[in-house]
Amino acid sequence: MTGIGPVEPYHPGDADGRPHEDGPADLLWSNSSPASARWAALPRFRRRLLQALAIGAAATGAVLTLRPTPATHAAPNPYPWPAGVTTLHYKGRGAAPATFRFEIDIARGSPVTVHQVTAGLPELGATTTPPLPLTVRAGSPRLITVRITVYKCAALPPALDLPHLDLLLSNRTARQQQSFLFGGTYPRDLWTDLRAACFPNPASPAPSSAAKIPPRTLTRR
């Protein structure tokens, strides 16, 4: 026998021909919709099976909802700003007079290019060896030698506590101007050369601010 839909129960009629009435159905809801009628028509074992499947699906959904989300660790930015990954270390005096050696180190990320180095004061000039621009890769530090020249001795401050170098840097993310301050050996070495160039004779008065002094290279005496 083939067909679609639930099998309808059959009961012989009474003597007066009226159909026999079933007892109350085992329902999940009490409304009288067509769905409830179809549910009531299912055999008892099938209704229990569907109830068990529904309870299992609900329990599985609750477990998935309450399960904590795995913690995620933020990966380091592959494209950091150049000033954030560039360091400048003083390595001592250079071989020539009035020269100072520095090491440029890039911590990570794309290569950083140094476009310009200035001495941080308008009275001072700076040139580098090797010449700029200079590209430095992460994990491969580069040494540069900075030669300092003085343009106006009378305008120099009475002391240099924290001299700095200004570097113009760029990488694939940005282009930035960054100042690097130095304490310790570099201020002493620089101030020694400034005094030797501008005031070679301690007994002679300092040059007048009105005097025109051509640019000169710092030399030690």
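**The interior of the protein chain**

Mentor: Of the 221 residues of the protein chain, 28% count as buried; buried means under 20% relative accessible area, exposed over 50%, and partly exposed in between, with a 1.4 Å probe and protein chains only. The model is a predicted one, in which local features need pLDDT of at least 70 and side-chain atom pairs count only at pLDDT 80 or more, while totals for chains, interfaces and linings use all residues. Residues are numbered from 1 along each chain as its sequence is written, and side-chain values use heavy atoms, leaving out hydrogens and water.

The protein chain has four helices and nine strands, where helices (H or I, at least four residues) and strands (E, at least two) are DSSP runs numbered from the N terminus. Along the sequence their order is α-α-α-β-β-β-β-β-β-β-β-α-β. A contact means heavy atoms within 4.5 Å. Among contacts in the protein chain between residues at least 6 apart in sequence, 58% join residues at least 24 apart.

The largest one holds 32 residues, of which Phe102 and Tyr186 touch the most other members. At least two residues of this core come from each of β1 (86–93), β2, β3, β5 (134–136), β6, β7 and α4. Helix α4 gives the most to this core, with six residues.

Apart from residues up to four places away in sequence, Tyr186 touches Tyr90, Phe100, Phe102, Ile148, Pro163 and Leu165. Several of these names return in one aromatic cluster, formed by Tyr90, Phe100, Phe102, Phe182 and Tyr186. Rings of Phe, Tyr and Trp (its six-membered ring) pair if their centres lie within 6.5 Å; planes under 30 degrees apart count as stacked, over 60 as edge-to-face and the rest as tilted. By this rule there are six aromatic pairs. One of them joins Phe100 and Tyr186 edge-to-face, at 5.5 Å centre to centre and 90° between the planes. That pair links distant parts of the chain, with Phe100 in strand β2 (residues 99–106) and Tyr186 in helix α4, 86 residues apart. Phe100 counts as buried because its relative accessibility is 0%, and Tyr186 is buried because its relative accessible area is 2%.

Phe102 and Phe182 also pair, here in a tilted arrangement of 5.3 Å centre to centre with 55° between the planes. Phe102 belongs to strand β2 and Phe182 to the loop between β8 (175–181) and α4, so this pair ties together parts that are 80 residues apart in sequence. Phe102 and Phe182 are both buried.

Across the whole structure one disulfide is found. This disulfide joins Cys153 to Cys198, S to S 2.0 Å, and the link is left-handed, with -75° about the S-S bond. Cys153 lies in the loop between β6 and β7 (164–170) and Cys198 in helix α4 (residues 185–198), so the two tie together parts that are 45 residues apart in sequence. Cys153 counts as buried because its relative accessibility is 3%; Cys198 is buried because its relative accessible area is 6%.

Leu143 counts as partly exposed because its relative accessibility is 47%. Beyond residues up to four places away in sequence, Leu143 touches Lys91, Phe102, Glu103, Thr129 and Pro130. Through Phe102, this description returns to a residue of the aromatic cluster.

Definitions and conventions: Disulfide = S-S within 2.5 Å. Core = buried A, V, L, I, M, F, W, Y, C linked by side-chain atoms within 4.5 Å.
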